[in-house]
Amino acid sequence: MITRPLSLVGRRELFLFLGAYLLYSASRYLSVGDLATATGHAEWIVDLQKSIGVNIESSVQAALDGTAVIWVLNNLYLAAQMVVVPGALIWLYRRNHELYVKLRNTVLATWLIAMPIYALFPVAPPRLADIGMIDTITHGGGVRLDSSLTTAFYNPLAAVPSLHAGFALAVGVAIAASFKNRFAKVLAWSWAPIIGLAVVATGNHFVFDIAAGVVVTVAGYVVGNAVDRHFAGRRPWRRPVLVNGPGPQPA
C-alpha cells in the first residue's frame, strides 16, 4: 500500500501541538504543587459547593458504583483527551479546515491559559482530597492513575480548570457545527455533558472544576482566534502564491 507523505502544512500543525505538549510538560515539572496545599484548596472548593448546594460528587459516584455505567465512564474519561481530542482535530483537518483552525486555536490557547492557574492554584481531585471518594479507574482494574508511569504524563494536582470538560465542550461544538444531520448534531452536543458526568463519577473533578474548565475554554476560544486573525496576514504560509501565467509579466 502506498502512503502519501504528510504535507508541509500537516507537519507544521503536528510540530505545533508537539511543541505545546512539551511546553506543558516542562511547566508542570517546574510548577507542580504539594499535596497539602492542593488538598487545602480542594477543601475550600467543597465548602464553597456546600454553601451553594452543588456538592454532589460523592452522591453521583455512590449511585453509579458497581454498575456498567461506571465502567463506560471510566473508559470515556481515558479516551477523551488521548483519543477524542486528537481524533476530532484530525477529522476536522480533513473535512472542514475553518472549523479545524478554530478548534486548534481554542485548544492551544486554553492550554496556555490553564498553565499558570495550575501553578498558582494547585487542587487535589476528589479521589486524592480525602473526602471519601475513590479512584474508580484504578479500582476498576484499568489504568493506574497514581502510578509513577502515568503521572509522568499529567499533573495529578491540576484539577482546576478541568480541561477534560472544557475540551469536551469545544470538540462537541466544533463537531456539531460540521454536521448537517440533526441527530448527528445532538450526538456531538451530548459529548460535553457525558464527559462532565464522567469526570465527577470517576472522582477526578469537582463541579467547580467543570465550571472553571468551561470558562477557561471560552476564554481560549476568544483569545486564540483573535490572535490567529491578528497575525493571519503576517505568516508566509498564509500568503497567496503567485503563479506566472502565459501573459506579459511586469518588468
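## Fold and basis

Helices (H or I, at least four residues) and strands (E, at least two) are DSSP runs, numbered from the N terminus. By that rule, Gln-49 lies in helix 2. This is a predicted model, in which local features need pLDDT of at least 70, side-chain atom pairs count only at pLDDT 80 or more, and totals for chains, interfaces and linings use all residues. Residues are numbered from 1 along each chain as its sequence is written, and side-chain values use heavy atoms, leaving out hydrogens and water.

The chain has 10 helices and zero strands. Its pattern along the sequence reads α-α-α-α-α-α-α-α-α-α. Of its 251 residues, 43% are buried (under 20% relative accessible area with a 1.4 Å probe and protein chains only; exposed is over 50%, partly exposed in between). Take the contacts (heavy atoms within 4.5 Å) between residues at least 6 apart in sequence: 83% of them join residues at least 24 apart.

## Nonpolar cores

A nonpolar core is a set of buried Ala, Val, Leu, Ile, Met, Phe, Trp, Tyr and Cys residues joined through side-chain atoms within 4.5 Å. The largest one here has 40 residues. Leu-92, Leu-103 and Val-171 have the most contacts inside it. Helix 3 (57-64), helix 4, helix 5, helix 8 (163-178) and helix 9 (182-201) each supply at least two residues of this core.

Val-171 touches Val-84, Val-85, Ala-88, Leu-103 and Trp-191, with residues up to four places away in sequence not counted.

## Helix 4 against helix 5

Helix 4 (residues 68-95) and helix 5 (residues 97-120) have axes that come within 6 Å and cross at roughly 145°. Axes are lines fitted to C-alpha atoms, for helices over the stretch in contact; angles run from 0 to 180 degrees between N-to-C directions. The crossing of helix 4 past helix 5 is left-handed (the near helix is turned anticlockwise from the far one by less than a right angle; clockwise is right-handed).

From helix 4 come Ala-88, Leu-89, Leu-92, Tyr-93 and Arg-95. They meet His-97, Leu-99, Tyr-100, Leu-103 and Arg-104 of helix 5. This contact of helix 4 with helix 5 divides into seven nonpolar, one polar and two charged residues. Ala, Val, Leu, Ile, Met, Phe, Trp, Tyr, Cys and Pro count as nonpolar, Asp, Glu, Lys and Arg as charged, and the others, Gly among them, as polar.

## Helix 8 against helix 9

Helix 8 and helix 9 pack at about 175°, with axes 7 Å apart. The two are therefore roughly antiparallel (over 145 degrees; under 35 is roughly parallel, 65 to 115 roughly perpendicular and the rest oblique). Helix 8 brings residues including His-164, Ala-168, Val-171, Gly-172 and Ile-175 to the contact. Helix 9 brings Lys-185, Ala-188, Trp-189, Trp-191, Ala-192, Ile-195 and Val-199. By class, the contact of helix 8 with helix 9 has 14 nonpolar, two polar and one charged residues.

## Buried sites

Gln-49 is buried, at a relative accessible area of 1%. Beyond its neighbours within four places in sequence, Gln-49 is in contact with Val-54, Asn-55, Glu-57, Phe-206, Val-207 and Phe-208. The C-alpha atoms of Gln-49 and Phe-206 are separated by 8.9 Å, although the residues are 157 apart along the chain. Thr-39 sits in helix 2 (residues 35-52). Thr-39 counts as buried at 16% relative accessibility, and touches Ala-124, Leu-128 and Ala-129, not counting residues up to four places away in sequence.

Thr-217 belongs to helix 10 (residues 207-231) and is buried at 4% relative accessibility. Leaving out residues up to four places away in sequence, Thr-217 touches Thr-106, Thr-110, Gly-166, Phe-167 and Ala-170. Ile-137, in helix 6 (residues 136-139), is buried at 2% relative accessible area. Its C-alpha atom is 9.6 Å from that of Asn-204, 67 residues apart along the chain.

## Backbone in the loops

The peptide bond from Val-160 to Pro-161 is cis, with omega near 0°. Pro-161 is in the loop between helix 7 (148-151) and helix 8.

Asp-130 has phi near 60°, a positive value in a residue other than glycine. Asp-130 lies in the loop between helix 5 and helix 6. Its relative accessible area is 74%, so Asp-130 is exposed.
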